[in-house]
Amino acid sequence: MMLDLDAGRYAAYVWPAFAVSAAVIAGMVADTLLRARHWRREAQRLEASER
Amino acid sequence: MISALANPQRFMNLSRWLAPMMGALAAALALAGLWLAFAAPEDYQQGDTIRIMFIHVPAAWLAMFAYACMAGASFFGLIFRHSLAEAAARAAAPLGAGFTFLALVTGSLWGRPMWGTWWVWDARLTSVLVLLLFYLGYMALQAAIEDEAKGARACAILALVGAVNLPIVKFSVDWWNTLHQPSSVLRADGPAMPSTYLTPLLLMGLAYTLAFGALWCVRIRAEVWRRRAAALQLRSAL
């Protein structure tokens, strides 16, 4: 099955749509993982200091 | 099912393996969906812009689905004062805002070559913009109120008020004359597109849904840890 990656005269619309989607989804993934790591570490630090 | 998940510890145990599993499945489905999306022939009317559909439509579905999740969690949080429901509502807002933003931007990039305009104030586009404003309003309100309990209550009421917009978004193309086309997939008489387009679209829809599920779980986990850290900080201060 051949891929058609030539968007022709619509390339200026097709590729930015995919680029923005990739950037926003990557941003959501990064923000989510960093937030989770930050609060997990903070909770663990406070738990350890309480013991 | 909901009562079982309402226990924060049980949720933490379950989401620990469920979130990465959903994330991996979402990535695999997205790869398959994108492959089929670019292997499909260009549309006889829309040409190569048809490929924008495979990312625009799932983003639009998720914009509404995330809001329904946020409103549902807000309802449970408001009625039962359950901390995990409040955390779930709070965690869904930025993800929903992200998908709504994507639906608007990719729609605009699709609309320019097909309609000849980036934007038009028709019922579908305007109601989706209102949806984005509800998400942003929810997050702004949450950040503005220092008292967490009061903030959660105010945000829950706002989320429930905004839920009125969901049927307006869905049926706007039927109730009013819009430039936006009517639904091609979720129709009473079945999808109005060939399987060469429908299969990658459904794969991408499932991938987006699972990605939202995975990110939502991780954000709820972060919220549980944040509340635990706040409680510990308060206890040590006393």
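Visitor: What share of the 238 residues of chain B count as buried?
Guide: This is a predicted model. A residue is buried if 20 or more other C-beta atoms lie within 10 Å of its own. Among the 238 residues of chain B, the share that passes is 43%.

Visitor: How do α5(B) and α6(B) run, roughly parallel or roughly antiparallel?
Guide: Two packed helices are described by the angle between their axes and the distance between the axes. Here the axes come within 9 Å and cross at roughly 170 degrees. Angles over 145 degrees count as roughly antiparallel. α5(B) and α6(B) are therefore roughly antiparallel.

Visitor: How many residues of the contact of α5(B) with α6(B) are charged?
Guide: From α5(B), the residues include B:Phe134 and B:Leu141. They meet residues of α6(B), including B:Ala154 and B:Leu158. The contact has seven nonpolar and four polar residues.

Visitor: Which helices of chain B do the buried residues of α5(B) pack against?
Guide: α5(B) has 22 residues and reaches 31 Å from its first C-alpha to its last. Its buried residues include B:Leu131, B:Phe134 and B:Tyr138. They pack against α3, α4, α6 and α7 of chain B.

Visitor: Is B:Arg81 buried or exposed?
Guide: B:Arg81 sits in the loop between α3 and α4 of chain B. Its phi is near 50 degrees, a positive value in a residue other than glycine. Most residues other than glycine have a negative phi. B:Arg81 has 12 C-beta neighbours inside 10 Å, so it counts as exposed.

Visitor: How many residues of chain B are in contact with chain A?
Guide: On the side of chain A, 29 residues take part. By class, these are 20 nonpolar, three polar and six charged. On the side of chain B, the number is 31.

Methods
Residues numbered from 1 in each chain as written. Chains lettered and ligands numbered in written order. Predicted model: local features only at pLDDT ≥ 70, side-chain atom pairs only at ≥ 80, totals over all residues. Contact = placed C-beta atoms within 7 Å. Nonpolar A, V, L, I, M, F, W, Y, C, P; charged D, E, K, R; others polar. Helix = DSSP H or I, 4+ residues; strand = E, 2+ residues; numbered from the N terminus. Axes fitted to C-alpha atoms, helices over the stretch in contact; angles between N-to-C directions. Parallel < 35°, antiparallel > 145°, perpendicular 65-115°, else oblique. Expected span 1.5 Å × (residues − 1).
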